[in-house]
Every structure is written in C-alpha cells, then in structure tokens.
Amino acid sequence: MDVSTNPTTSQANETENQYPEVRIHQNPQTRNVHDGNQTEHRPPHNWRTSIKKDEKLNICRIYYIAGFFLLPFFWLVNFVWHYNDAYLAEPFEEQPQFQRYVLRSGIGFIFWSVLLIGWVFYFQTQRNYYNWDYLTFNFPTGSS
C-alpha cells in the first residue's frame, strides 16, 4: 500500500493547515549590489566588527603579552583572530605591527605545543622507569 496515494488524517490536516513561509535572514545588514541582471549579496564593509584598527592592535598586543604568562592558548586565539588583518587585508598603517604580533604568536603557540606534547610523551613513556607515578592523580596499574 502506497502512503502517498492514501493520506492519513494527520497528513490531510497538514496540507489544510499550512503556515505562511517564513524567511530568516542570517545577516540583516546585507545589501544588494546590482550588476546588470545578477544580484550579488555582499555584507557591509567591516561587517565582522566595528572595532577600529588601533583598538584591534591594542587587543592583539594584550593577547601577545598574555601568552607569556604560560597561557599559550592566547597566542592561538591571537593568531586566528588577527591573521586576516595582518596578512590578508589591504595595507594600512598598523599592519607591520599586526604582522609582528601575529607571527610571534603563531611561533610561540607552535613552540609551546611541541614542548607540551613532548613532555606528555616523555612522561607517559618514562613514568615507570623514574617512578613518577606519585606525580599523577590516578595510579595506573601495570607498567609501560
């Protein structure tokens, strides 16, 4: 028996009580640019944020300095957030400083990541040899 040929009462009610179509705009600030027959939807200039470049540079500098307090996650965030402004944006006055902070943040994050992963690997493989089990919160049974 084919369901599409014999609709149930719930299917019949769904076709009778249809709601009007609702359109959701994800970015209400988009504007239309008309080029001949084609319509292109482009966001307004600087749509991600309305922060000025000198304020962004100050935030970038603060995140760069925060990374030195054994918080390399700040360097990762700094690199990801400000990469576009440092390397992909049109040239502006503060861009060399942006590039310096972003590049150093990326290098610092990679350095700390390699150091941390190396320490975890060394600790896990040598904990039994050096009797480092007292440094852990859980006491594994067995040996490595």
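Lys53 has a relative accessibility of 30% and therefore counts as partly exposed, a class that lies between buried (under 20% relative accessible area) and exposed (over 50%), judged with a 1.4 Å probe and protein chains only. This is a predicted model, in which local features need pLDDT of at least 70 and side-chain atom pairs count only at pLDDT 80 or more, while totals for chains, interfaces and linings use all residues. Residues are numbered from 1 along each chain as its sequence is written, and side-chain values use heavy atoms, leaving out hydrogens and water.

**Salt bridges**

- The structure holds two salt bridges, each being a side-chain nitrogen of Lys or Arg within 4 Å of a carboxyl oxygen of Asp or Glu.
- In one of them, the side chains of Asp85 and Lys53 meet at 3.3 Å, N to O; because Asp85 lies in helix 3 (residues 72-88) and Lys53 in helix 2 (residues 53-66), the pair ties together parts that are 32 residues apart in sequence.
- Asp85 also forms a salt bridge with Lys56, with the closest N and O atoms 3.2 Å apart, and both of these residues are buried.
- Lys53, Lys56 and Asp85 are thus linked in a network of salt bridges.

**Helices**

- Helices are DSSP runs (H or I, at least four residues), numbered from the N terminus.
- Ile107 is found in helix 4 and is exposed, with a relative accessible area of 53%.

Terms used
Helix = DSSP H or I, 4+ residues; strand = E, 2+ residues; numbered from the N terminus.
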